Amino acid sequence: MTGKEQSLSPLVGVPEPVTVRAPAKINLHLAVGPSRPDGYHDLVTVFQALSRYDQVTATPARTLTMTASGEGADELPAGSDNLVWRAAELLALRTGVEPAVHLELVKGIPVAGGLAGGSADAAATLVACDSLWGTGLGRTELLQLAAELGSDVAFSLVGGTALGTGRGERLTRVLATGRWHWVLGIAHSGLFTPAVYRELDRLRAATDPEPDTPYPASPLHSPAGSPDALINALRTHDIARLGMLLANDLQPAAVSLRPQLRRVLRTGAELGALGTLVSGSGPTCLYLARSAEHAVRLAAALAGAGVCRTACVAHGPVPGARVVDGP
C-alpha cells in the first residue's frame, strides 16, 4: 500500500493502519571534519543497514498523538522533541494535510546507542504517513524531508550500503557483495551524539599545535582518511581486509567519555572478532564475524564475558524503511 493507493476499512470507511519498519545503521568508516558554522561537521562515511529494527504504525485519529514501547522507550523525548512527531508534522505541513494520526512506535534499536534509532523512527514515520494519507510523495521528495529531519534519516529511508557525505545526508550506493555478519555489544546506558561530537572537538583542540587552524581541514584529512580501500573490500567480499579497515573518528571521543569501552573492544578482539569498532557515536560496539555461525558463538562469548549488557547478532545489508505486509 503506497502512494495514493489506500485500503479502506469496511467497518468505518477510513484508511487501515499502516505499519513500517526501519533498520539500524552502522558506520563502517566515519571520517569527521571540523565543526562548521552551523554546528554540524562535514562527514565522509560508509553506512550499512542491519537486521535490527524499529517499527511505526500509523492509525487514523482526530489529532496527532503517539505512544512508544520496547527497548528504552521510557528514555525517549515526548511530543515535538521526538523525531516521530516531527516527521509527521513536517510531512503534513509540506503536503497540506491535517496531521491527524496516532503513531505507535515499537523500539528494537537501543536508544542513544550509535545505531541511528531515532533516524529509523523518523524514516518509518515518513513512509507510514505518506501511505496512510495518500500524499504520494516520490523518493526525491521524501529524501529532502529526511535531510531536514536529521543527518542519518535519509540513509534510514534508503538502507543497503551507501557512501554518505555532507552531514551524511548526500548518499551514493555502494556495492557490498554477499551478506556481512556482525555482533552488537549493547551497553547499559547510551551516549548522546552531540556530547560525543563536542568531546571530539575538545580533544582535537587540546592536541592542535596551531589552534587558529581548524583540524582536520576536511574529513579526508582526518585519521580515518579515505574510505576507498574499505569500499573495495566490500565489493570483493574480503572479510579479513574489511575487519582491518574499520575506522571511526568518533571512537576516541566515545572512549574518552566512556573509558570502559576499551575493555569491551579488546574483549571482542580476544574472542576472535575479525574487526572491532565503536558504532557511530557509541557506545554500542561492533564486531565483524566470519559467518552466521561464528557470529552466534562470538555473541555468546561476549555475553558470558560480562563486558556489555547484552550481545546480539545482525546481518547486513538490508533495505531501508518498508511497509510491513499482513498482520
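Let's start with a β-α-β unit: in this predicted model, β3, α1 and β4 form one that is left-handed. Its two strands, β3 (residues 64-70) and β4, run parallel and are joined by seven bridges. If you want a spot to look for that pairing, find leucine 64, which stands opposite valine 101 in β4.

Now look at the other partner of β4. Strand β2 runs antiparallel to β4, with six bridges joining the two. Here you can pick out threonine 59, whose bridge partner in β4 is histidine 102.

While you're on β4 (residues 101-107), check where its side chains go. In a regular strand, side chains alternate between the two faces of the sheet. On β4, the covered face carries Val101, Leu103, Leu105 and Lys107, while His102, Glu104 and Val106 sit on the uncovered one. So much for the strands; what about open space?

The largest pocket holds about 1,200 Å³. It is lined by 44 residues, and the closest to its centre are Leu83, Ser119, Asp152, Thr193 and Pro194. Several elements each give two or more residues to this lining: β1 (18-35), β2 (41-60), α1 (83-95), α2 (117-133) and α5 (193-207). The largest share of the lining, though, comes from α5, with five residues.

Notes. Residues are numbered from 1 along each chain as its sequence is written. This is a predicted model: local features need pLDDT of at least 70, side-chain atom pairs count only at pLDDT 80 or more; totals for chains, interfaces and linings use all residues. Side-chain values use heavy atoms; hydrogens and water are left out. On a 1 Å grid over the protein atoms alone, a cavity is a set of points where a 1.4 Å probe fits but cannot get out, and a pocket is an open set with protein on both sides within 12 Å along at least five of seven lines; lining residues have an atom within 4 Å of a point. Grid points are joined across faces, edges and corners, and a volume is the space filled by probe spheres set on the points. Helices (H or I, at least four residues) and strands (E, at least two) are DSSP runs, numbered from the N terminus. Buried means under 20% relative accessible area, exposed over 50%, partly exposed in between (1.4 Å probe, protein chains only). Two strands pair if DSSP finds at least two bridges between them. A crossover is right-handed if, with the strands pointing away from the viewer, the path from the first strand over the helix to the second runs clockwise.
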